[in-house]
Amino acid sequence: MASESRTLKSRRIAKIQLFAVSTLAVAGIINYIDRGSLAIANTTIRADLGISATRMGVLLSIFSMSYAISQLPMGLLLDRVGERIVLGAGMFLWSATQAATGLIGSFTSFVAARIGLGLGESPYVVGSVKTVNDWFDVRDRATPTGIFNSCTAFGQAMAPPILTVAMLAFGWRGMFMLIGIPGVLLSFVWFFFYRNRKDVALNDAEKAYLEASGPRSTVARISFSQWLGLFRLRTMWGMMLGFGGINYTAWLYMSWMPNYLEAEHHVSVRATGLIAVIPFFCGGVGMLLSGFIADFLVRRGVAPIRTHKTLLVTGMTCSGLSTLLVPHIQGATQAAFGIGMALFFIYLAGNSGWGLVQSIAPAGIVASVGTIQNFGSFVFASMAPIITGWLLDRTHSFKLTLTICCMVTIFCALSYIFVVKDPIMAGD
């Protein structure tokens, strides 16, 4: 049995795990509250600054493009420097930029603020994946990954009511300033209390727990030539394309769902702030469930790569079909539950997307593989807000946009079947 040779972890390792996952969970909530702020204030800012739906789509995509491009150096930095400094600096930058957004006065300055937000947030997810990879054995990683990933979805669920109340009380400028403060404080907590694994002297029992499933890596420090070599791998390109379908769906709903409920179901801004909780809560449940299912299967002998690919293809296909049904649902609350099903399945798949990174790549290059995957997927997904805004200006309807989203999601799911084949070797 898979569990017969389990090595008990020390109290010190357990404390490190608890602190890391708890801090990353809180950071995930803050991260996605910050990330969703523009979507909540979409209609108000467009009216205040005279921004068209197309230009708002550009603003929403500027963030994702900045985030995507920033992924490339972040992977190298995380693998070479470690998550303590890189992730701590990222938390501080995204939070300070968010607060500064309340001071902007033009479309150009808004673009600059969105670029800063994308740069600051870029190390969060992959830095969290690397942290879990460093401090958990392979049979225990999917659940903590699901926890911090689900908190990003719960952050999106919490964002509508919190941000709506803040915006109605302090205006959209005051809202941006207010929500930047918690992340700044958390960045100091992370920096002063977290330590990278390589900086902690482990005893034999602790090493035995962390390496119970085999050697960690043959790569102590990835070189630039090894990093470039990742772009020559078919599996790497398949992961970029496949994860692009996940982020396309997630980013479309995160960017435009409040506006969809207001435009298609004539819901007020205040009511939208409450109804929009439903879909992202469903997404968070999908993330958590994915982690539990994956760890359950791996502990019973199913290969990690096979486990995560199965969850990816199943989740993406079900999400695409759910999205296809959304424009045919009558009633705002019912539509929110329909979107919730789409997000439940896409986030169930998304958590296994990160599980696949941990399973298919050696520990020494996990951050590099993860950031390249994220780079490719966000370049692809950044088209979602632009396409949506462009079609909305011309058709005044979301039906065609949602149909395209369904097709993209299912097409990208095929990448995990036909393109992602071989494990990524450390020396490639």
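**Figure 1. What comes after helix H14 in this predicted model.** H14 itself covers residues 277–299, which is 23 residues.

**Figure 2. Where helix H12 crosses helix H17.** Here we're looking at H12 (residues 234–265) and H17 (residues 366–381), whose axes come within 7 Å and cross at roughly 50 degrees. That angle makes H12 oblique to H17. As for handedness, the H12 and H17 crossing is right-handed. On the H12 side, the residues that meet H17 are Met236, Met239, Met240, Phe243, Gly244, Gly245, Asn247, Tyr248 and Trp251. H17 answers with Val369, Ile372, Gln373, Asn374, Gly376, Ser377, Phe378, Phe380 and Ala381. Sort the residues of this H12 and H17 contact by class and you get eleven nonpolar, seven polar and no charged.

**Figure 3. Helix H3 set against H12.** H3 takes in residues 42–49, and its axis and that of H12 come within 9 Å, crossing at roughly 85 degrees. Since angles of 65 to 115 degrees count as roughly perpendicular, H3 is roughly perpendicular to H12. Asn42, Thr43 and Arg46 make the contact from H3, while H12 brings in Ser255, Trp256, Asn259 and Glu262. By class, the contact of H3 with H12 has one nonpolar residue, Trp256, alongside four polar and two charged ones.

**Figure 4. Stepping back to the whole protein.** The protein has 19 helices and zero strands. Its C-alpha trace spans about 60 × 45 × 40 Å along the principal axes. For 428 residues, a compact globule would have a radius of gyration near 22 Å; the protein comes in at 21 Å, so it agrees with that expectation.

Conventions. Residues numbered from 1 in each chain as written. Predicted model: local features only at pLDDT ≥ 70, side-chain atom pairs only at ≥ 80, totals over all residues. Heavy atoms only, no water. Helix = DSSP H or I, 4+ residues; strand = E, 2+ residues; numbered from the N terminus. Expected span 1.5 Å × (residues − 1). Axes fitted to C-alpha atoms, helices over the stretch in contact; angles between N-to-C directions. Parallel < 35°, antiparallel > 145°, perpendicular 65-115°, else oblique. Left-handed = near helix turned anticlockwise from the far one by under 90°. Contact = heavy atoms within 4.5 Å. Nonpolar A, V, L, I, M, F, W, Y, C, P; charged D, E, K, R; others polar. Rg over C-alpha atoms; globule rule 2.2 N^0.38 Å.
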